[in-house]
Amino acid sequence: MKATEIIHRVRCPDCGNERLEVHVSTAGRDEFRIACANCGLSMSVSGNILDSDPAGDSQLPVWEAHYRSEDQEPLLRALEAGFSDRRILEAHYPLVRLLGKIPCPLRSSIELGCGSGAFSLVLKKLGLVEEVTLLDYSIASLTTAQELFKHFDMECDLVHSTIGEAPFRAKAFELALSAGVIEHYRSRAARYSCMSKHLELASYAFLQAPVSSPFYWLSRTVYTAMNRGWPFGFERPVGIFEMHRLARRTGARVIGHDHQYFTSFPLFTRLHWLPMPGWYTIPFANEVAILARSQR
Ligand SMILES: C[S@@+](CC[C@H](N)C(=O)[O-])C[C@H]1O[C@@H](n2cnc3c(N)ncnc32)[C@H](O)[C@@H]1O
Ligand SMILES: [Zn+2]
């Protein structure tokens, strides 16, 4: 992360000051601090990681445990298959199909609650976005994402922060995306501020989340039985109508919505060749996605 570039994007998460100062450390040019003379807040940058020292919440230990223990091999194999045949990615990632509706490549994106970073990796690898930034408050998730990018020889910037306090200026990015994040907020107000944050940070927002379909509840039951408990903490599915409503409340224009054709890796790597999956996969839709453009 270069100080000369990041300084034009950052903003103090505590007081909103946009005139932050860079203090270069003696350890080397890759290590510096970004400080706010107004309120005294200081954030460290080391290599490609900006750390705003975020506070946790009751859900954080769930994600830490998940990304510390999850075997990434199936994801790696599925992505490798996808990068050698784009139709595989299109069957699984509505993101790839929806971005076809806007002029690409976009210059920059930020993934809010990046987890493994797979969605941003797909963006970068397909050349849909030039510079990708990944944000998460879980260190285990950022480490997983860093390794995934390394495996595919791709570059990214990482930010250790909560979504609500992302230390960036309004419209610092062209696209803000998340997948599997908004359904973990309990109240409508919290879901609204999550959607708003996307549309504050970027002109375009992409969000993907599960719907309350029979397929979702069946997979959740099977997953719970296999793991002897539901490992993802609080999760309430978000319908496509709720996504539309939230986007419109922020004053955004909805550009398109879509759903995941095949949920599991074995299905999406084997069945992607089926013609016109769009219509017969809707009844089984597990996750829906929306692409919106900020009007402000
Ligand atoms: C279900 S996972 C995301 C899955 C991800 N799309 C992937 O492909 O691996 C949700 C992620 O959001 C992060 N997250 C949840 N709430 C957050 C918050 N308030 N601030 C920052 N990160 C958050 C979690 O740490 C976790 O990594
Ligand atoms: Zn400040």
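In the predicted model, Ala205 is in contact (C-beta atoms, placed from the backbone, within 7 Å) with Ala176, His198, Leu199, Ala252 and Ala292, when residues up to four places away in sequence are not counted. Ala205 belongs to the largest nonpolar core, which holds 73 residues. A nonpolar core is here a set of buried Ala, Val, Leu, Ile, Met, Phe, Trp, Tyr and Cys residues joined through C-beta atoms within 7 Å; a residue is buried if 20 or more other C-beta atoms, placed from the backbone, lie within 10 Å of its own. Leu175, Ala176, Ala205, Phe206 and Leu207 touch the most other members of this core. Its largest share, six residues, is supplied by strand 9 (residues 202-210). The core lies between domain 1 (1-47) and domain 2 (48-294), because both give residues to it. In soluble globular proteins, nonpolar side chains tend to be buried together.

The division of the chain into domain 1 (1-47) and domain 2 (48-294) rests on an automatic or database domain assignment. The C-alpha centres of the two domains are 28 Å apart. Their contact takes 13 residues from domain 1 and eleven residues from domain 2. On the side of domain 1 that touches domain 2, strand 3 (residues 42-46) gives the most, with four residues. That side divides into seven nonpolar, three polar and three charged residues, where Ala, Val, Leu, Ile, Met, Phe, Trp, Tyr, Cys and Pro count as nonpolar, Asp, Glu, Lys and Arg as charged, and the others, Gly among them, as polar.

Ligand 1 is surrounded by 16 residues, of which Trp63, Gly113, Gly115, Ser116 and Gly180 are the closest; a residue is near the ligand if its C-beta atom, placed from the backbone, lies within 6 Å of it. The shell comprises seven nonpolar, eight polar and one charged residue.

Overall, the chain has twelve helices and eleven strands, taken as DSSP runs numbered from the N terminus (helices H or I, at least four residues; strands E, at least two). Of its 296 residues, 40% count as buried. Among contacts between residues at least 6 apart in sequence, 73% join residues at least 24 apart. The C-alpha trace spans about 55 × 40 × 40 Å along its principal axes.

Residues are numbered from 1 along each chain as its sequence is written, while chains are lettered from A and ligands numbered from 1 in the order in which they are written. Because the model is predicted, local features need pLDDT of at least 70 and side-chain atom pairs count only at pLDDT 80 or more, whereas totals for chains, interfaces and linings use all residues.

Methods
A residue is buried if 20 or more other C-beta atoms lie within 10 Å of its own, exposed if 12 or fewer, and partly exposed in between; C-beta atoms are placed from the backbone. Two residues are in contact if their C-beta atoms, placed from the backbone, lie within 7 Å.
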